[in-house]
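Trainee: I would like to go through this model by question and answer. Please keep to the geometry.

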Amino acid sequence: MKHRNDVSFPKLLKSVLLGLTVCLGLLCFYYGWSFGPGSRLSDDPDGFDPLFAGSRQVAELPKTIHICDMQFSELIPCLDRNLIYQLKLKLNLTLMEHYERHCPRPERRYNCLIPPPLGYKVPVGWPASRDEVWKANIPHTSLAQEKSDQNWMVVNGDKINFPGGGTHFHNGADKYIVALSRMLKFPDFKFNNGGNIRTVLDVGCGVASFGAYLLSHHVIAMSLAPNDGHENQIQFALERGIPSTLGILGTKRLTYPSRSFELAHCSRCRIDWLQRDGILLLELDRLLRPGGYFVYSSPEAYAHDPENQRIWSVMSDLTKRMCWKVVAKKDQSVVWAKPLTNSCYLKRNPWTKPPLCNSDDDPDASWNVSMKACISQYSAKVHRERGSRLTPWPQRLTTAPPRLEEIGISPEEFQEDTSIWQFRVSEYWKQMKSVIERNSFRNVMDMNSYLGGFSAALNGKDVWVMNVAPVHASANLKIVYDRGLIGTVHDWCEAFSTYPRTYDLLHAWAVFSDIEERGCSAEDLLIEMDRILRPNGFVIIRDKPSVINYIRKFVTALKWDDWLSEVEPRVDALSSGEERVLIARKKLWDEEHTTMPAAIQPLSLARPS
């Protein structure tokens with residue numbers, strides 16, 4: 001008679017072998033997933049670069065990237081009110097928190113390409129675009145009807161025209177700018193005040209006609225407005241080729257360093273400057289340079305009814321306690337000036353409100369930092385020297401600014417950086433000369449701006465550059481502003497606060513290497529770059545060879561294969577090692593692409609958690 005265990009031994013052996021097979025399969029799956037595209041596991045004891053290894057991921061790379069449904073053609077992922085509703089976020093509407101950034105978690109991100117609207121055309125070139133754009137590119141006409149008496153915009157057949165008017169300056173921003181220059185007694189009534197006014201912040205800017213007409217005065221404005229009831233106002237501004245961005249004076253600091261602007265402007269911007277102990281006005285104070293101006297054109301400055309007179313009285317009292325002085329008041333505008341030194345602050349009674357900020361507060365910290373209802377004092381050096389000591393524009397662009405020492409950069413290193421970028425940009429243009437035309441570029445973004453050398457090298461061309469300082473290098477942005485350029489702080493692990501099809505050229509120097517080190521997804525960034533890049537636009541990606549090899553495998557799926565070029569650039573003092581430069585051009589989509597039946601619907605857009 002056989003024992004029972006003798007009978008079951010073959011079955012036991014089969015079970016053990018099956019178990020080992022399953023375990024081995026799970027291990028293979030785990031490691032394949034861990035080091036696949038978009039993986040957050042990037043540490044390797046042997047120095048292997050898992051994200052950009054090349055052949056190890058070939059089988060997992062997408063042959064295509066799906067196209068989003070047409071309803072998402074204007075998606076801004078971190079300013080998506082549908083996401084706010086879905087997540088049931090409890091936001092304070094009075095404080096405008098619903099207009100601030102709220103980004104989707106990685107598993108809820110849209111992993112598809114944003115389609116242009118039907119009938120999309122190559123944008124009108126600058127300078128003609130200041131005055132007209134294609135209606136098909138931004139098919140929204142409600143503002144033209146709502147602001148018909150204020151000359152914001154006029155629908156004219158297949159185009160939308162911009163006469164240059166605004167809520168306060170119906171007869172044109174150009175005449176309004178000259179009037180302000182006369183008020184302030186600037187030389188020759190030029191708004192740049194002999195080159196001493198270069199960077200301006202225009203809050204509640206509408207379609208940015210004020211900023212558009214400042215450009216002829218050699219002044220560049222960061223035109224700022226939220227994605228609010230005046231739907232698409234910033235989208236129109238960007239389509240016109242005017243420097244502008246989405247943003248709100250709510251609860252967070254604006255993403256600019258302290259002492260960035262010579263002048264701030266509010267023309268009927270519908271902002272309650274008196275709320276929360278004047279915290280919004282104190283945010284402007286943080287951003288203004290010593291002696292900077294605040295131009296305020298609003299009924300409170302001139303109306304004689306009891307309510308407006310009450311507001312004016314309270315606002316006058318607040319600005320006096322902030323040590324601002326009225327330097328001009330005429331017709332419907334008033335202009336205050338910020339003090340040059342700390343003297344007025346030190347003479348105030350200690351209990352005066354608003355108080356001075358604590359000594360440990362960093363006025364340059366701006367990314368996801370709450371506003372503070374306090375006054376940022378100047379450093380002892382700025383107080384002693386009575387101002388910023390910046391040279392007038394255009395010499396300012398290439399003169400080493402005093403704040404370089406705050407980030408540990410010498411004037412010699414600054415000049416070397418400027419020279420290197422002059423050479424690099426000239427080499428880029430040689431690489432692209434066979435395909436670029438006279439009006440190929442207007443809106444340009446430098447995704448890792450460092451000291452602003454790339455932007456400075458483009459001076460003299462009909463372009464403007466949004467200089468982006470990564471969060472970990474945000475201190476560098478003050479140098480960008482001190483050169484007379486503009487920009488913002490941003491984390492490239494998240495979507496940028498702008499509309500789709502915003503920029504003609506994206507320059508990414510070591511951006512992918514940086515996000516890889518931080519464990520973020522290269523695919524997410526590529527899809528985000530495609531979102532904000534215009535059809536027929538260019539990307540210039542400068543990074544280590546493994547990064548470039550990896551990205552090249554995506555260009556067809558991204559439809560960036562209209563034109564390609566790759567070179568090995570000369571090693572210079574900014575090179576961290578061997579580099580490659582990949583330049584790609586995005587195709588102009590046809591209707592076959594925008595109406596593909598495989599377009600992803602809203603419920604398909606979330607990645608599995």
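Trainee: What average pLDDT does the protein have?
Mentor: This is a predicted model, in which local features need pLDDT of at least 70, side-chain atom pairs count only at pLDDT 80 or more, and totals for chains, interfaces and linings use all residues. Residues are numbered from 1 along each chain as its sequence is written, and side-chain values use heavy atoms, with hydrogens and water left out. pLDDT is the predictor's confidence in each residue, from 0 to 100. At least 70 is reached by 86% of the residues, and the average is 87.

Trainee: How many contacts does the model have for residues 53–59 beyond near neighbours in sequence?
Mentor: Contact means heavy atoms within 4.5 Å. Over residues 1–13 the pLDDT stays under 50, and the model has one contact there beyond four places in sequence. Residues 53–59 also have pLDDT below 50. For residues 53–59, the contacts beyond near neighbours number 11.

Trainee: Is helix H7 parallel, perpendicular or oblique to helix H8?
Mentor: Helices (H or I, at least four residues) and strands (E, at least two) are DSSP runs, numbered from the N terminus; axes are lines fitted to C-alpha atoms, for helices over the stretch in contact, and angles run from 0 to 180 degrees between N-to-C directions. The axes of H7 (residues 275–287) and H8 (residues 306–321) come within 11 Å and cross at roughly 60°. Angles under 35 degrees count as roughly parallel, over 145 as roughly antiparallel, 65 to 115 as roughly perpendicular and the rest as oblique. Therefore H7 is, relative to H8, oblique.

Trainee: Which residues of H8 make the contact with H7?
Mentor: On the H7 side, the contact is made by Asp277, Gly278 and Leu281. The residues of this contact divide into three nonpolar, two polar and one charged (Ala, Val, Leu, Ile, Met, Phe, Trp, Tyr, Cys and Pro count as nonpolar, Asp, Glu, Lys and Arg as charged, and the others, Gly among them, as polar). From H8 come Met315, Leu318 and Thr319.

Trainee: Which residue of S17 is the bridge partner of Val567?
Mentor: S16 and S17 (residues 580–585) run antiparallel and are joined by five bridges. The partner of Val567 in S17 is Val581.

Trainee: Why is one side of S1 and of S2 left without a neighbour in the sheet?
Mentor: The open sheet has three strands in the order S1-S3-S2, and its pairing is antiparallel. S1 (132–134) and S2 (154–156) stand at the edges, so one side of each has no neighbour in the sheet, because each has a single partner strand.

Trainee: Which residue of S3 is the bridge partner of Val155?
Mentor: Three bridges join S2 to S3 (residues 159–161), and these strands run antiparallel. In S3, Val155 has as its bridge partner Ile160.

Trainee: What is omega for the cis peptide bond between Trp393 and Pro394?
Mentor: Pro394 lies in the loop between H10 and helix H11 (411–432). The peptide bond from Lys353 to Pro354 is also cis, with omega near 0°. For Trp393 and Pro394, omega is about 10°.

Trainee: Where is Asp331 found?
Mentor: Asp331 is not a glycine, yet its phi is positive, about 55°. Its place is the loop between strand S9 (325–330) and strand S10 (333–337).

Note on methods. Two strands pair if DSSP finds at least two bridges between them.
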